[in-house]
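Have the structure open while you go through them.

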Amino acid sequence: MQEWANQLCENRQFGSKMTDSKYFTTTKKGEIFELKAELNSDKKEKKKEAVKKVIASMTVGKDVSALFPDVVNCMQTDNLELKKLVYLYLMNYAKSQPDMAIMAVNTFVKDCEDPNPLIRALAVRTMGCIRVDKITEYLCEPLRKCLKDEDPYVRKTAAVCVAKLHDINAQLVEDQGFLDTLKDLISDSNPMVVANAVAALSEIAESHPNSNLLDLNPQTINKLLTALNECTEWGQIFILDCLANYTPRDDRESQSICERVTPRLSHANSAVVLSAVKVLMKFMEMLPKDLDYYGTLLKKLAPPLVTLLSAEPELQYVALRNINLIVQRRPEILKHEMKVFFVKYNDPIYVKLEKLDIMIRLASQANIAQVLAELKEYATEVDVDFVRKAVRAIGRCAIKVEQSAERCVSTLLDLIQTKVNYVVQEAIVVIKDIFRKYPNKYESVIATLCENLDSLDEPEARAAMIWIVGEYAERIDNADELLESFLEGFHDESTQVQLQLLTAIVKLFLKKPTETQELVQQVLSLATQDSDNPDLRDRGYIYWRLLSTDPVAAKEVVLAEKPLISEETDLIEPTLLEELICHIGTLASVYHKPPSAFVEGSRGVQHKRLPGSAGSGESVDSPDPGSAAGASEAPPAVIPSQGDLLGDLLNLDLTPPTTTGPPPAPSSGMQLGAMDLLGGGLDSLMGDESEPPPIPLRTDTPQSPQLHQSPSPPDYSPTELGGDLGGGAAMGAGFGAAPAAMPASFGAPVSGGLDDLFDLGGGVGMPMGAYSPPKTIWLPAMKAKGLEISGTFARRAGVIQMEMTLTNKAMSVMTDFAIQFNRNSFGLAPAGPLQILTPLSPNQSIEASLPLSTVGPVMKMEPLTNLQVAVKNNIDVFYFSCQYPISMLFVEDGKMERQVFLATWKDIPNDNESQFQIKDCHLSSDAASNKLQGSNVFTIAKRTVEGQDMLYQSMKLTNGIWVLAELRVQTGNPNYTVSLKCRAPEVSQCVFQSYEAMLKN
């Protein structure tokens, strides 16, 4: 369709005639037959009229493909207008009639050698638009000639044709050497040819991000800047977008480019202006802030942005969305231009709201008076949405500019006095935030707020008012009556109001316990027994337990001092902002989302970021394509941050286990009912590129034991673990599974270095038993009302066992034991209920062995092997932490193939290598090897160099992480050296501790 538009615009004479309505009259019977006769007429004028009728029919959606051969016959003409019409028809129907389209190839080839450059360009453009594989091979020779044509119009058309051909058949373009020709065109004498060559190369590079086609260097940049001054406006945009992808070598080059781009800021086309702003915003990052030119550039950027706001509303909106990003990055650019963002009466609502947002971002102590005067005026407008935003804006100004807070509160009180319902409700919501920002400062207004209690009907306003009453209950005499009035219709309230009401009444009870005991019991009963909402029920149970077990702790939790709210809660996250600044003038800057979020497939979307600022120490070299590829192949290593122990463990299902049979054997797949929050346990987090198993539906049937299943936990914010935690690109699909076959890249024999040692086996005897640490006391009796738990971990027949001794040092019998784990680094979870079938009498001990699986919820802990446990009995719920040796997680298939070991050792970066000393160990290398093999640490090879035995070993964790080791044993020296290499270097310290424990015990 775009090609049609281009051709229709070029052929102005044709366009003026086609406006005649006679060509678009309704079809009559037999019209196709009549058109066929007219197309084969000997008269040129009749032919042209017939083709125009065909194009008109095609334009309104009628099927005229039956006339294909007749229209193609009209190609043999010297009339440029007729030829364009036929080419237009061909582009539309060639795909549905590929065999017929080949008939036109000879004419295309002939037209590519026509003396008229317009016809040559038209022919090559049309051939590029016909997306039929059979035709593309015929296109190569004419395209090659046109790329070197003497006429620049033909060359610029041919440059774009290369990009179109590349989209149809990329391999053909590369084989024919068109990409090299395209690169040569960047040095062309004609600026439009340069612009089109840049546009074509940029488009190809976007679909192939690692091809490094646009090899930008200072010489190329100089050519582009020279062409920039003489290009058409769209040519300038192509060149500016290309410049934005370049990273200058130093601040001098950056300044030089900025000086040559700055004149584009005064261009009449807003797209050119925004592209120039994008280049300048990026290159400013490299300029020292104390440089005179830096200040000059800031001043030059303001006028063009202000000028954009005098355009049509749609353009204004696009400009405002871009300005919003610029202001977040560099507010100093527009700090003196506040007035241009004041709303006009006839602005559309979308422009008004965007201006309002920017006004708040630019608000400062210097201009707050005029901003507040404007906002107060907006709050009396008729547009309800705009008024709401204006009231919220007053609150945001109070939070942002502390000196204005009192004036803002006064303004809000004036607005409340208007008694306009929606204004009052918005004002109460923002006053709540002001209380959070400035505690104990403006509480005198609470009485005024309480007067408007009955008029509140929106959930957010009701929740805000309830929060204020609960937070300042000690200052409100009738707080209990106010909250009780909300309680009457508890089940009709929204979840937001119910949650807030529950918390407020608990706060009130902790402040006035004697007067409100009945009220708190009523709300806890409503929340836990009469509600279907799991969030409300969970919060109710937590408060109930806190209040019934430890009111002092409840007071510390519920009435804890709240952190002050931040100034700007709606700022875009810094790394995303950097990327969006690199996309100024595109859809990404309007959506405020990276292209990958809305470009379907996003195969060619690259993540961009601003260069390091001057003096920051960051490298400003262009990114290495290889590293980019590696990064894109491995999934991001993200583990949720460590949460609060109470948050998960307090939600225990307190029903006793109903099954008494043997525990289910742990399976490698996802257990039914076990919640894997991240889709694939730590496997997917740590770089296993296989598809993660789906999250199963939870089945809460009465027969299934509930306690060892994790309840729906709260969301935790993801944090980077750091590093590529699984198999990298070199190891193909990562180390999620045992390497069944050697990757292709390692197929060639490896010579020199380590490879000779793999021919030496070396005395590996029968392994000893797996190491299990001695039992230690995990839960002292004094902390658990007489219950003492000591324990250890063992691995037997591939199953991890948690072995415990439970001792009753209290005076009463203990029954109904159950256990649950918090989320942990390796997904450890009970594989079944805790089997203690007989009551535990006073002064009695009982042994219990709990099989564990590794398919539980995952969360990085500190230290990595920390396990937080909750144990429940008929007396209470008790919490403790213990640490398991990481050797429990070494699996039985952890022996790596020798060649794979060698290739992997070389592939893992040296930065990931850690070296440790094991002191006072008196074992021979063979004895050490046997001992380690009992715990699934496998010796791949051994060699002796100058009296020192070197053991090369591999082990694999339950989540697919491989650890490679080199153990050096010197005869007569009790100190060993162990070097560990792993893609997840965080585990190295834990592995060393296990090595030391295994060898010394």
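Is E803 buried or exposed?

1. **E803.** This is a predicted model, so read what follows with that in mind. E803 comes out buried: its relative accessible area is 17%, and the cut-off for buried is under 20%. The residue belongs to strand β5. Setting aside neighbours within four places in sequence, its contacts include K775, W778, S790, G791 and T792. A794, R796, A848 and S849 are also among them.

2. **The five-stranded sheet.** Strand β5 is part of an open, antiparallel sheet whose order is β3-β4-β5-β8-β7. The edges are taken by β3 (776-779) and β7 (829-830); each has a single partner strand, so one side of each has no neighbour in the sheet. Inside the sheet, β5 (residues 799-808) pairs with β8 (residues 845-853) in the antiparallel sense, over eight bridges.

3. **The three-stranded sheet.** There is also an open sheet of three strands, ordered β6-β9-β10 and paired antiparallel. Here β6 and β10 (877-883) are at the edges with a single partner strand each, so one side of each is left without a neighbour in the sheet. From one strand to the next, the twist averages 25°. Between β9 and β10, which run antiparallel, there are seven bridges. V869 has F880 in β10 as its bridge partner.

4. **Backbone spots to look at.** Most residues other than glycine have a negative phi, and most peptide bonds are trans. D816 has a positive phi, near 55°, and sits in the loop between β5 and β6 (818-821). D816 is partly exposed, at 39% relative accessible area. K419, which is not a glycine, also has a positive phi, of about 65°; its place is the loop between α24 (405-417) and α25 (421-437). Then there is the cis peptide bond between E862 and P863, with omega about 0°. P863 lies in the loop between β8 and β9 (866-872).

5. **A helix pair.** How far apart are the axes of α15 and α17? The answer is 10 Å, for α15 (residues 218-228) packing on α17 (residues 251-261) at an angle of about 15°. The two helices are therefore roughly parallel to each other, and α15 passes α17 in a left-handed crossing. On the α15 side, the residues that meet α17 are P218, I221, N222, L225, T226 and L228. Facing them from α17 are E253, I257, R260 and V261. Sorted by class, this contact has six nonpolar, two polar and two charged residues.

6. **The whole protein.** How many helices and strands does the protein have? There are 40 helices and 15 strands. The protein has 1001 residues, and 52% of them count as buried. Taking contacts with a separation of 6 or more, 70% are between residues 24 or more positions apart.

Technical notes
Residues are numbered from 1 along each chain as its sequence is written. This is a predicted model: local features need pLDDT of at least 70, side-chain atom pairs count only at pLDDT 80 or more; totals for chains, interfaces and linings use all residues. Side-chain values use heavy atoms; hydrogens and water are left out. Two strands pair if DSSP finds at least two bridges between them. Helices (H or I, at least four residues) and strands (E, at least two) are DSSP runs, numbered from the N terminus. Buried means under 20% relative accessible area, exposed over 50%, partly exposed in between (1.4 Å probe, protein chains only). Contact means heavy atoms within 4.5 Å. Axes are lines fitted to C-alpha atoms, for helices over the stretch in contact, and angles run from 0 to 180 degrees between N-to-C directions. Angles under 35 degrees count as roughly parallel, over 145 as roughly antiparallel, 65 to 115 as roughly perpendicular and the rest as oblique. A crossing is left-handed if the near helix is turned anticlockwise from the far one by less than a right angle, and right-handed if clockwise. Ala, Val, Leu, Ile, Met, Phe, Trp, Tyr, Cys and Pro count as nonpolar, Asp, Glu, Lys and Arg as charged, and the others, Gly among them, as polar.
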